[in-house]
Amino acid sequence: MTNVSGGTLRRRPAQRRSLERVERMLDECARLLDEVGYEALTTKEVARRAEVPIGTFYQFFSDKHGLVRALALRNLEAFLNRITGKLATARLSDWTEMVDLSIDEFVAMKRSTPGFAVVDFGEVLVAPGGPAIKGTERMLDAALENNVIVADRLRGITVELLGVPIGPDLDRALFVAVEAADAVLKLAFRSRSDGDPELIAECKHLVRRYLSAHLSRN
């Protein structure tokens with residue numbers, strides 16, 4: 001079970017039963033996103049399928065925007081946990097393997113995680129590969145774009161793994177890398193529903209080459 005940050009909820013679930021209800025609502029939200037998309041998603045149907053009273057839904061989420069925001073954060077935490085879990089057991093010979101691992105985990109989630117093809121880390125897509133619904137580029141934080149948040153979380157893993165110096169140069173490089181990967185992977189899933197393998201390979205090559213100017217010298 002994945003904990004949802006209290007910052008995304010109207011009320012933090014204090015008991016296991018409440019937490020299970022929140023998780024069920026997020027699970028059903030994800031399934032409905034695959035079935036009907038964001039525009040047709042309703043709080044009433046999420047509550048019905050999660051078998052919770054609609055009043056309980058509004059105890060935790062202000063609306064479907066808040067629900068999807070919480071799902072996006074859960075997706076991000078799951079992605080980071082997958083990466084750190086693999087890094088804990090993998091024997092990486094070079095930092096470039098971390099790039100490949102991260103992209104592989106993202107692609108695997110796109111292919112298998114309910115709702116992830118529509119909402120991964122905040123941006124809501126009309127269809128896998130885009131376009132995005134206007135106004136969803138800041139789902140995780142009202143002031144910062146979603147990819148800024150993703151890059152910042154990946155920075156923590158990068159610094160811990162590689163011991164690179166923290167600073168604006170690294171921040172900028174990781175943000176550019178995330179933006180570039182996001183664009184190419186959208187293209188890969190527009191080209192093929194399961195992600196074009198050649199474009200995924202090009203994404204890895206692009207990010208490795210770009211980051212080499214910032215990481216190989218450390």
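Hi everyone, let's begin with helix 6, where the buried residues (under 20% relative accessible area with a 1.4 Å probe, protein chains only) are Asn146, Asn147, Ile149, Val150, Ala151, Leu154, Ile157 and Thr158. This is a predicted model, so local features need pLDDT of at least 70 and side-chain atom pairs pLDDT 80 or more, while totals for chains, interfaces and linings use all residues. Residues are numbered from 1 along each chain as its sequence is written, and side-chain values use heavy atoms, without hydrogens or water.

Helices here are DSSP runs of H or I, at least four residues, numbered from the N terminus. Covering the buried residues of helix 6 are, among others, helix 4 (64-89), helix 5 (96-112) and helix 7 (168-191).

Now the rings. The structure has 7 aromatic pairs, meaning Phe, Tyr or Trp rings (six-membered for Trp) with centres within 6.5 Å; planes over 60 degrees apart count as edge-to-face. Phe79 and Phe106 are edge-to-face, at 6.3 Å and 85 degrees. Phe79 is in helix 4 and Phe106 in helix 5, so this pair ties together parts 27 residues apart in sequence. Phe116 and Phe121 have centres 5.5 Å apart and planes at 80 degrees, so they are edge-to-face too. Both Phe116 and Phe121 are buried, and ring pairs link Phe79, Phe106, Phe116 and Phe121 into a cluster.

Notes: Buried < 20%, exposed > 50% of the residue type's maximum accessible area, 1.4 Å probe, protein only. Helix = DSSP H or I, 4+ residues; strand = E, 2+ residues; numbered from the N terminus. Contact = heavy atoms within 4.5 Å. Phe/Tyr/Trp six-rings, centres within 6.5 Å; stacked < 30°, edge-to-face > 60°.
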